[in-house]
Amino acid sequence: MGGGNAQKSKMAREKNLEKAKAASKGSQLESNKKAMTIQCKVCMQTFICTTSEVKCREHAEAKHPKSDVYACFPHLKK
C-alpha cells in the first residue's frame, strides 16, 4: 500500500530534476549570438567578444589590405 505524501514529494523532486537536466542540455547558439559584439566597420562581419587584437589585425590584413586596421576596428585605437 504506499503512496504517501513523502513518496509523492520524492517523485516530484526527481521529475523536476530530470526536467532541469533536459533544459540545460542543448546548444549555446543563442548565447554565442549575443556575444558577437566586435564588428568590422568595413565588411560588417561580427566577432565574438573574446576575440584578441591579433585576430582583428589578421582579419584586417587578409580581407582589407588597402584599409587601415583602425578603419576596420576603431576600438583598437586606445
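Modeller: Let us start with His59, which is in contact with Cys40, Cys43, Gln45, Phe47, His64 and Phe73, leaving aside residues up to four places away in sequence. Please bear in mind that the model is predicted.

Colleague: What makes His59 count as buried or exposed?

Modeller: The limit for a buried residue is a relative accessible area under 20%. His59 has 8% relative accessibility, so His59 counts as buried. This histidine is found in helix α3.

Colleague: Which side chain does His64 join through a polar contact?

Modeller: The partner is the side chain of His59, and the contact is 3.4 Å. A pair of N or O atoms must lie within 3.5 Å to be called a polar contact, and the value of 3.4 Å for His64 and His59 meets that limit.

Colleague: Where is His64 found, and why is it called buried?

Modeller: His64 is in the loop between α3 (53–63) and α4 (69–72). Its relative accessible area is 10%, and the limit is under 20%, so His64 is buried. Beyond its neighbours within four places in sequence, His64 touches Cys40, Val42, Cys43, His59 and Cys72.

Colleague: Why is Cys49 called partly exposed?

Modeller: Partly exposed residues fall between the buried limit of 20% and the exposed limit of 50%. The relative accessible area of Cys49 is 44%, so the label is partly exposed. Cys49 is placed in the loop between β2 and α3. Setting aside its neighbours within four places in sequence, Cys49 is in contact with Ala35, Thr37 and Ile38. Cys49 and Ala20 are 29 residues apart in sequence, and their C-alpha atoms are 29 Å apart in space.

Colleague: Ala35 is one of those contacts. What makes Ala35 buried?

Modeller: Its relative accessible area is 18%, and the limit is under 20%, so Ala35 is buried. Ala35 lies in the loop between α2 (29–34) and β1 (38–39). Residues up to four places away in sequence apart, Ala35 touches Phe47, Ile48 and Cys49. From Ala35 to Leu17 there are 18 residues in sequence and 29 Å in space, C-alpha to C-alpha.

Colleague: Turning to the whole protein, which elements does it have, and in what order?

Modeller: There are 4 helices and 2 strands, running α-α-β-β-α-α from the N terminus on.

Colleague: How do you know whether the protein is spread out or a compact globule?

Modeller: The globule rule gives 12 Å for 78 residues, and the radius of gyration is 24 Å, well over that value, so the protein is more spread out than a compact globule. The C-alpha atoms fill a box of roughly 80 × 20 × 15 Å along the principal axes. Buried residues make up 17% of the 78 residues. The accessible surface is about 6500 Å², with 55% of it belonging to carbon and sulfur atoms.

Colleague: Which feature does UniProt place at residues 39–76?

Modeller: The unreviewed UniProt entry gives "domain: At2g23090-like zinc-binding" for residues 39–76. In the model, that span is 39% helix and 8% strand, and its end C-alpha atoms lie 12 Å apart.

Conventions. Residues numbered from 1 in each chain as written. Predicted model: local features only at pLDDT ≥ 70, side-chain atom pairs only at ≥ 80, totals over all residues. Heavy atoms only, no water. UniProt positions renumbered as here; feature names shortened; annotations may be inferred. Buried < 20%, exposed > 50% of the residue type's maximum accessible area, 1.4 Å probe, protein only. Contact = heavy atoms within 4.5 Å. Polar contact = N/O pair within 3.5 Å; in protein donor to acceptor, adjacent residues only side chain to side chain. Rg over C-alpha atoms; globule rule 2.2 N^0.38 Å. Areas by Shrake-Rupley, 256 points an atom, 1.4 Å probe, with all protein chains shown as cover.
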